[in-house]
Amino acid sequence: MTRPYLSVIVPAYNEEHRISDSVGQICTYLHQQPYPSELVVVDDGSSDATPDMLRQLHANHPELRVIQNEHRGKAVAVRTGVVAARGQLVLFIDADLPIPLEEIGRMVAALEQGADVAIGSREGAGATRVGEPAHRHLMGRCFNTAVRLLLGQGFRDTQCGFKGFQAEAARRLFAMSQLYTEQSPVLSRSAVTAFDVEILFLAVREGMRIIELPVEWHYRPGSKVSPLADSVSLFLDVVRIRWNALRGRYQGSGPAAERVEEATHARI
């Protein structure tokens with residue numbers, strides 16, 4: 001089997017109302033590209049019809065790979081996808097497709113031009129937020145301020161669910177991460193976590209080249225975010241990252257100058 005050039009990872013939890021449409025859109029987009037690709041959907045222990053629907057979709061989409069996890073959260077689902085991915089480039093995107101798929105081309109181009117990590121950003125010149133409730137925007141800005149103060153990182157947006165990596169860089173970073181692993185406890189509800197922050201923190205320490213790409217982002221109804229509970233959880237994750245660093249738990253990483261570049265918001 002030809003090795004895919006690009007692996008697209010989609011973590012999914014109770015997405016029966018949109019997973020068929022999302023898989024169809026992604027597969028259609030990938031078919032239009034000049035390189036071989038794969039779509040890896042990691043079901044995060046869904047309790048609805050999502051697993052059955054994915055099995056049916058797999059029969060009609062040979063480029064679709066489905067992995068079944070216990071419900072340990074998005075962080076572990078993405079980690080599972082990274083380990084399983086066969087592409088030279090790896091990216092993940094949320095199952096509700098808040099980012100137009102055409103933005104994948106810009107992310108691939110950024111990685112081809114030398115970035116180790118490329119992150120979608122809903123902030124900065126050229127970025128657009130569509131339909132976002134005011135309280136969600138405020139929550140994001142407060143959290144970003146906490147990240148800057150506690151970890152000293154200058155990223156405009158760490159939580160956008162659209163990030164790409166050189167495959168080797170992705171495997172290295174997720175192998176070093178400590179917050180959420182396959183040994184994490186099974187969850188009783190959905191949870192928003194700061195695993196993205198930990199991955200970016202490690203990428204900076206490793207001296208990787210990181211590029212922020214301003215993107216068009218659409219708020220989707222049915223969000224699983226709990227403003228109060230998840231705000232507390234996110235903040236505690238950032239504290240844990242700082243504590244892990246101080247205790248030397250990120251083995252193999254070392255201090256490096258932060259290198260964050262902003263790509264021009266031109267369609268690639």
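Select Gly-114 to begin. Just after helix 4, this glycine takes a positive phi of about 120 degrees. The model on screen is a predicted one.

**Stop 1: helix 4**

Color the buried ones: Glu-103, Ile-104, Gly-105, Arg-106, Met-107, Val-108, Ala-109, Ala-110 and Leu-111. Note that Glu-103 and Arg-106 are on that buried list.

**Stop 2**

Now select Val-117. Which residues does Val-117 contact, leaving aside its neighbours within four places in sequence? The list runs Leu-111, Gly-164, Phe-165, Leu-173, Leu-200, Ala-203, Met-208, Arg-209, Ile-210 and Ile-211. Leu-111 takes you back to helix 4, where it is buried.

The largest nonpolar core has 45 residues. Val-117, Phe-165 and Leu-173 have the most contacts inside this core. Several elements each supply at least two of the core residues. Show these in turn:

- strand 2 (37-44) and helix 3 (74-84)
- strand 4 and strand 5 (117-121)
- helix 5 (134-151) and helix 6 (167-176)
- helix 7 and helix 8 (227-246)

Which element gives the largest share of this core? Helix 7 does, with eight residues. In soluble globular proteins, nonpolar side chains tend to be buried together.

**Stop 3: the aromatic rings**

Six aromatic pairs occur in the structure. Select Phe-92 and Phe-195 for one that is tilted. Their ring centres are 5.9 Å apart, and the planes make an angle of 40 degrees. This pair links distant parts of the chain, 103 residues apart. Phe-92 is in strand 4 (residues 89-93), while Phe-195 is in helix 7 (residues 195-205).

Together with Phe-92 and Phe-195 they form one aromatic cluster. Phe-165 was met at the previous stop, as one of the residues with the most contacts inside the largest core.

**Stop 4: arginines over rings**

Select Trp-217 and Arg-122. Arg-122 lies over the face of Trp-217, at 5.1 Å from the ring centre. Then select Tyr-180 and Arg-240. Here Arg-240 lies over the ring face of Tyr-180, at 5.7 Å from the centre.

**Stop 5: salt bridges**

A search of the whole structure finds 13 salt bridges. Side chains of opposite charge can pair when their charged atoms come close.

Move to Glu-38. Glu-38 forms a salt bridge with Arg-65, where the closest N and O atoms are 3.0 Å apart. Glu-38 lies in strand 2 and Arg-65 in strand 3 (residues 64-69), so this bridge ties together parts 27 residues apart in sequence.

Arg-86 sits in the loop between helix 3 and strand 4, so its pairing with Glu-38 in strand 2 ties together parts 48 residues apart in sequence.

Arg-65 counts as partly exposed, at 25%. Arg-86 is partly exposed too, with a relative accessible area of 29%. Shared partners join Glu-38, Arg-65 and Arg-86 into one salt-bridge network.

**Stop 6: cysteines**

Finish with the cysteines. How many disulfides does the structure hold? It holds zero. Select Cys-160, which is in no disulfide. Its nearest cysteine sulfur belongs to Cys-142 and is 18 Å away. Cys-160 counts as buried, at 0% relative accessibility. Last, select Cys-27, which is buried with a relative accessible area of 1%.

Notes. Residues are numbered from 1 along each chain as its sequence is written. This is a predicted model: local features need pLDDT of at least 70, side-chain atom pairs count only at pLDDT 80 or more; totals for chains, interfaces and linings use all residues. Side-chain values use heavy atoms; hydrogens and water are left out. Rings of Phe, Tyr and Trp (its six-membered ring) pair if their centres lie within 6.5 Å; planes under 30 degrees apart count as stacked, over 60 as edge-to-face and the rest as tilted. Helices (H or I, at least four residues) and strands (E, at least two) are DSSP runs, numbered from the N terminus. A charge sits over a ring if NZ of Lys or CZ of Arg is within 6 Å of the ring centre and within 35 degrees of the ring normal. Buried means under 20% relative accessible area, exposed over 50%, partly exposed in between (1.4 Å probe, protein chains only). A nonpolar core is a set of buried Ala, Val, Leu, Ile, Met, Phe, Trp, Tyr and Cys residues joined through side-chain atoms within 4.5 Å. Contact means heavy atoms within 4.5 Å. A salt bridge is a side-chain nitrogen of Lys or Arg within 4 Å of a carboxyl oxygen of Asp or Glu. A disulfide is a pair of cysteine sulfur atoms within 2.5 Å.
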